Amino acid sequence: MSAGTSNRVLSIQSTVVWGYVGNKTAVFPLQVRNVERKESTVQNQKPVWVSQPAYTAEGEVHGFDVSPINTVQFSNHTGYIGSRSFLEKVVDVVKELKDKNPHLTYVCDPVMGDGGHLYVPADLVEPYRNLVVSQADILTPNQFELELLTESKVGSEDEALAAMGRLHEKGVKTVVLSSSDLGQPGTLVALANGAREVYRLAIPSVDATFVGTGDLFACSLLIWLQKDRQLKDAFEKTVATVQAVMARTLDYARGNTAAGQKPSMADMELQLVQSKADIENPVVKLKAAKV
């Protein structure tokens, strides 16, 4: 994306006062890549829109000109949406934006849980499955979320591809499985499925707990798909970005941790600003294979 290119993103995500999750993770990469973003955030786990453009908790848009917006990034995180009714109102906002701008792209990171455990109330799963999916152009679920969205077991790559195919049938153009345990021991598998092209990446697993990596993944994918228009390249650069940030974060945390001790969650906050060069020009070390 050249410096002269006008590309705008409305990022509807949670935010935090300290650390890097939600919009705190998304904003910096967007700015680095010369993307003009409009933030809309929910803070302190309360359904109150606290930044411009102005929204009410009922999801109404007040005087916001969506005509120049061509991308919406929409990620939900723990505490961001605490009720089914609020999720439904957010879907109404996306519908209104799409009505006003038919060329708009809706990127959804459907954060519901991981490893078989929900992060959100159980009654949010059904509207995600039946309301959110039908509006999304790009989805970035993890393995557990893919199972929830499709009501199917994903225990193999064939089952993952079949589940992704069901999402394509509902209108989703691109589905990227951000992580799964479908690989060999010590390896995570990510899949990018654009209906007519499918790619696989094997990623070495890291024995550490990170927060905000899903936000970084979705944001990076949005950026590189907009710039390169090539799924394979965007997929590789997205994984390269996340891996570089994770490696720098883990090095920093270990440097602050006594021998034999585990790093604290405070030390495991993403080293995002320190990774500016990797966000701008990620070095692709892992190549995607065509499936």
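The side chain of Arg33 reaches the backbone oxygen of Glu280 at 2.8 Å. This pair falls under the definition of a polar contact (N or O atoms within 3.5 Å; within protein, one must be able to donate a hydrogen and the other to accept it, and residues adjacent in sequence count only if both atoms are side-chain atoms). Arg33 sits in the loop between helix 1 (23-32) and strand 2 (36-42). Helices (H or I, at least four residues) and strands (E, at least two) are DSSP runs, numbered from the N terminus. Arg33 is buried, with a relative accessible area of 10%. Buried means under 20% relative accessible area, exposed over 50%, and partly exposed in between (1.4 Å probe, protein chains only). The C-alpha atoms of Arg33 and Ile279 are separated by 8.1 Å. Along the chain, these two residues are 246 apart.

The model is predicted: local features need pLDDT of at least 70, side-chain atom pairs count only at pLDDT 80 or more, and totals for chains, interfaces and linings use all residues. Residues are numbered from 1 along each chain as its sequence is written, and side-chain values use heavy atoms, with hydrogens and water left out. The predictor's confidence in each residue is its pLDDT, from 0 to 100. The chain averages a pLDDT of 82. Of the residues, 81% score at least 70. Over residues 43-64, pLDDT stays under 50. For that stretch the model has 51 contacts (heavy atoms within 4.5 Å) beyond four places in sequence. Residues 74-79 also have pLDDT under 50, with 27 contacts beyond four places in sequence. Where pLDDT is low, the predicted coordinates should not be read in detail.

Asp278 belongs to helix 8 (residues 276-280). Asp278 is buried, at a relative accessible area of 18%. Not counting residues up to four places away in sequence, Asp278 touches Thr241, Ala244 and Arg248.

Helix 2 (residues 84-100) packs with helix 3 (residues 125-135) at an angle of about 5°. Their axes are 10 Å apart. Axes are lines fitted to C-alpha atoms, for helices over the stretch in contact, and angles run from 0 to 180 degrees between N-to-C directions. The two helices are therefore roughly parallel to each other, a term for angles under 35 degrees. Helix 2 contributes Arg84, Leu87, Glu88, Val91, Val94, Lys95 and Lys98 to the contact. Helix 3 contributes Glu126, Pro127, Tyr128, Leu131, Val132 and Gln135. These residues divide into 7 nonpolar, 1 polar and 5 charged. Ala, Val, Leu, Ile, Met, Phe, Trp, Tyr, Cys and Pro count as nonpolar, Asp, Glu, Lys and Arg as charged, and the others, Gly among them, as polar. Buried residues of helix 3 include Val125, Arg129 and Val133. The buried residues of this helix pack against several elements, among them strand 4 (105-109), helix 4 (143-150) and helix 5 (157-169).

Ser180 lies in the loop between strand 8 (174-177) and strand 9 (187-193). Ser180 is buried, at 4% relative accessibility. A polar atom of its side chain lies 2.8 Å from the backbone oxygen of Val189. The backbone nitrogen of Leu182 is 3.4 Å from a polar atom of the Ser180 side chain. Beyond its neighbours within four places in sequence, Ser180 contacts Gln143, Thr187, Leu188 and Val189.

Most residues other than glycine have a negative phi. Ala195, not a glycine, has a positive phi of about 75°. Ala195 is exposed, with a relative accessible area of 53%. Arg229 has a positive phi near 60°. Arg229 is exposed, at 59% relative accessibility.

How values were computed
Angles under 35 degrees count as roughly parallel, over 145 as roughly antiparallel, 65 to 115 as roughly perpendicular and the rest as oblique.
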